[in-house]
Amino acid sequence: MRDDKKRHITQADAIREALAQALQEDERVIVVGEGVPDPKGVFGTTAGLQQQFGPSRVFDSPLSENGMTGICIGAAISGMRPVMVHQRIDFALLAMDQIVNNAAKWRYMFAGQVNVPLVIMVIVGRGWGPGPQHAQSLQAFFGHIPGLKVVMPTSGYDAKGMLLAAIRDDNPVIFIQHRWLHGIEDLVPEPPYTVPLDRAAICRSGKDATLVAFSYMVVEALLAAEALSQYGIDIEVIDARSVRPLDMPTIIESVRRTGTLVVADTAWKTGGIAGEVIAAVAETAFDALRRPPVRIALPDYPVPTSPYLVKDYYPDALYLARHIAAHLGREVPDAELAERLFRSTPCDVPQKDFRGPF
Amino acid sequence: MNFEKAFGSMLRVRRVEEAIADRYAEQQMRCPVHLSIGQEAVAVGVCAALRKEDGVFSNHRAHAHYLAKGGDLKAMLAEIYGRENGCCRGVGGSMHMVDLAAGFLGAVPIVGATVPLAVGAAWAAKLRGENRVIAVFFGDGTFEEGVVHESINFAALHRLPILFVCENNLYACYSRIDDRQPDRPIHGVAAAQGCRTFTADGNDVQAVFDVSREAVAGLRSGQGPAFIECATYRWREHCGPNLDDNLGYRPQGELARWESVCPVERAAAFLRAMPDGAALIESAEKQIAAEIADAFAFALEGPLPNSADLPGYLYA
């Protein structure tokens, strides 16, 4: 699939294209969310969809997250395939009752008689001061719930393919985007295609350590791995892609080859999905581990707003590279490493030309 | 409305729940049960105004709604007994009734949880061009949940074919409505939110049917959501088979006053005044007793469910 077009588009455009193609291919698909048809179009991910498909397929929403989630569940069990859009993952917290009690359990509690084909799109914020309530990374919350599928693609290619797969899936899927991935360009074929919702991807092969990363942390992990390769340290980077289910066979197979496991998450450390990955490896492949596993995650306090407070909050490629080298007991000239991974953009924006706000 | 049929339906709900209560002490029904005894007229009157293809959602106190909509009695009792031949194969129990073939689309015990689902089902019916009405039953306590008001707002905005049925029985568990809501009519709030509203004596099946028929006719002609508030009363404890007036949470004499307007007895009295009324009631009693005996046997002889099947219910 990947070589049929040499077309690079941003992840926001890839997501918009997936939504348009889902609306095109299946008349049961509807898209609904606060601000979906507004001029900003949820960071461009829903731009123009209502003009293209009309107001009976693409809806704005009252500010009623829990009610609208229940309404979409009701539509989903009645023959529709709703896609809900939240501008921030934090807003989905208002809908946890419907997500956890109904979406995740409706099929189960009626012994498989009814499916809930529902996609809930949420976005993890970061940068330009979104602060404690607009930049949480709650994949572990959702991942804890049996009955949900939870994915967080990193590449634009995967974002399009996994969104189409999620919309075609007969189960509730939480589709987690990261705000810092929206602007990154990727090779994205135009025809519709799907990417499985339960497979990790090995982004870079290596023999010295397995670095499992989630969402945006894959970007930093690949930078760290590239820098470390200059010093003969060979890191295997795995994009986890899905949170529930975790693709443990792929991860365990890698750890059996490398003997070292590092997990880089976009979320807090305590109770996070990184710990779940490590626990699963320890249970089934303890003998393969040559040293203790490591979690690279956020400090256990909410992100502050001020750029002066936030500069040390998010672990980046340099942080990853330093920790992995030290953990492997490998000497790396630190000043040189820091120069290689020097980030010229301010800590609170994804790219140089960003002028804020999100 | 066929009055004899409505009476028979109410009597059936009453006798089924009395049988559940009588046998509950045997320790074989190992799940909570919330009995509708005293409230049968609302379920029967509303469902008499619906067609088979119309949908109904309910809540933890669902037996009456399920049976009135045509839900299978055997599958209901087998579910309460936790058997494989129950309507949810033992996963749900009394608080999770479902019978899709009968248009009983589901009941769950998170208060207010099915109200948006019903609105969503009505939304789907409208989007799909189906001539279908959805009704959802809930209590006065549920009207305090935010999700109900979010749901009503959306239903009014999109003029959906949804019938909200509030069974105002004055109590949420043991908390009286005066301690939970200001002194204003519930239906008045729904009217302000854009519903066509109706009230009925919830212990008078004919009255409930009459307003339901009018409400449903409006839904079918695209007039937007309707809201019926029915005054009624729960005779027994919130959860379980017993009377609980000894707890003293209700004013003295209140239960007796409501028992004196028993919906089943009022309908029976009406029938008795007719030429064949007494014989008709006797025949209904006999038929129902036989059906109940059969259904309990079906449930008690039902195979035990297998926990190995559980993971298969989780994902499609």
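Where in chain A is Pro357(A) found? Select Pro357(A) and see: the residue sits in the segment after helix H13 (334-340) of chain A. Keep in mind throughout that this is a predicted model.

**Stop 1: two cis peptide bonds**

The peptide bond from Gly356(A) to Pro357(A) is cis. Its omega is near -15 degrees.

Now go to Arg244(A) and Pro245(A). A cis peptide bond joins this pair too, with omega about 0 degrees. Pro245(A) belongs to a loop of chain A. Strand S12 (242-244) lies on one side of that loop and helix H9 (248-258) on the other.

**Stop 2: chain A as a whole**

How does the radius of gyration of chain A compare with that of a compact globule? With 358 residues, such a globule would be near 21 Å, and chain A has 20 Å, so the two agree.

Colour by burial next. Of the 358 residues in chain A, 62% are buried. Then look at contacts with a separation of 6 or more in chain A. Residues 24 or more positions apart account for 82% of them.

**Stop 3: the largest pocket**

Select Arg126(A), Glu220(A), Asp316(A), Ala317(A) and Arg343(A). Among the 30 lining residues of the largest pocket, these lie nearest its centre. The pocket has a volume of about 700 Å³.

Now colour chain A by domain. Domain 1 (8-187) and domain 2 (201-340) both give residues to the lining of the largest pocket, so the pocket lies between them.

**Stop 4: the cavities**

Rolling a probe the size of a water molecule over the atoms shows where empty space is left.

How many cavities of 30 Å³ or more does a search of the whole structure find? The search gives 6.

Begin with the largest cavity, which has a volume of about 70 Å³. Select Arg126(A), Gly127(A), Pro130(A), Val310(A) and Tyr314(A). Of the 15 residues in the lining, these lie nearest the centre of the cavity. By class, the lining of the largest cavity divides into 9 nonpolar, 4 polar and 2 charged residues. Arg126(A) is a name to recall: it is also listed among the residues nearest the centre of the largest pocket.

Why does the largest cavity lie between two domains? Domain 1 (8-187) and domain 2 (201-340) of chain A both give residues to its lining, so it lies between them.

Move on to the second largest cavity, with about 60 Å³ of space. Its lining can be selected residue by residue. Start with Gly131(A), Pro132(A), Ala135(A), Gln136(A) and Ser137(A), which are part of it. The classes here are 8 nonpolar and 3 polar, with no charged residues. Domain 1 (8-187) and domain 2 (201-340) of chain A both contribute to this lining, so the second largest cavity lies between them.

**Stop 5**

Switch to chain B and select Arg89(B). Its phi is near 55 degrees, a positive value in a residue other than glycine. Arg89(B) is in the loop between helix H4 (73-80) and strand S2 (104-107) of chain B. With a relative accessible area of 39%, Arg89(B) is partly exposed.

Next, select Cys173(B). This residue is not a glycine, yet it has a positive phi of about 55 degrees. Look for Cys173(B) in the loop between strand S5 (171-172) and strand S6 (175-176) of chain B. At 34% relative accessibility, Cys173(B) counts as partly exposed.

Finish at Glu254(B), in helix H9 (residues 254-259) of chain B. Is Glu254(B) buried or exposed? Its relative accessibility is 3%, so Glu254(B) counts as buried. Show what surrounds this residue. Leaving out residues up to four places away in sequence, Glu254(B) touches Leu170(B), Tyr171(B), Arg176(B) and Tyr233(B).

Methods. Residues are numbered from 1 along each chain as its sequence is written. Chains are lettered from A and ligands numbered from 1 in the order in which they are written. This is a predicted model: local features need pLDDT of at least 70, side-chain atom pairs count only at pLDDT 80 or more; totals for chains, interfaces and linings use all residues. Side-chain values use heavy atoms; hydrogens and water are left out. On a 1 Å grid over the protein atoms alone, a cavity is a set of points where a 1.4 Å probe fits but cannot get out, and a pocket is an open set with protein on both sides within 12 Å along at least five of seven lines; lining residues have an atom within 4 Å of a point. Grid points are joined across faces, edges and corners, and a volume is the space filled by probe spheres set on the points. Ala, Val, Leu, Ile, Met, Phe, Trp, Tyr, Cys and Pro count as nonpolar, Asp, Glu, Lys and Arg as charged, and the others, Gly among them, as polar. Domain bounds come from an automatic or database domain assignment. The radius of gyration is taken over C-alpha atoms; the globule rule is 2.2 Å times the number of residues to the power 0.38. Buried means under 20% relative accessible area, exposed over 50%, partly exposed in between (1.4 Å probe, protein chains only). Contact means heavy atoms within 4.5 Å. Helices (H or I, at least four residues) and strands (E, at least two) are DSSP runs, numbered from the N terminus.
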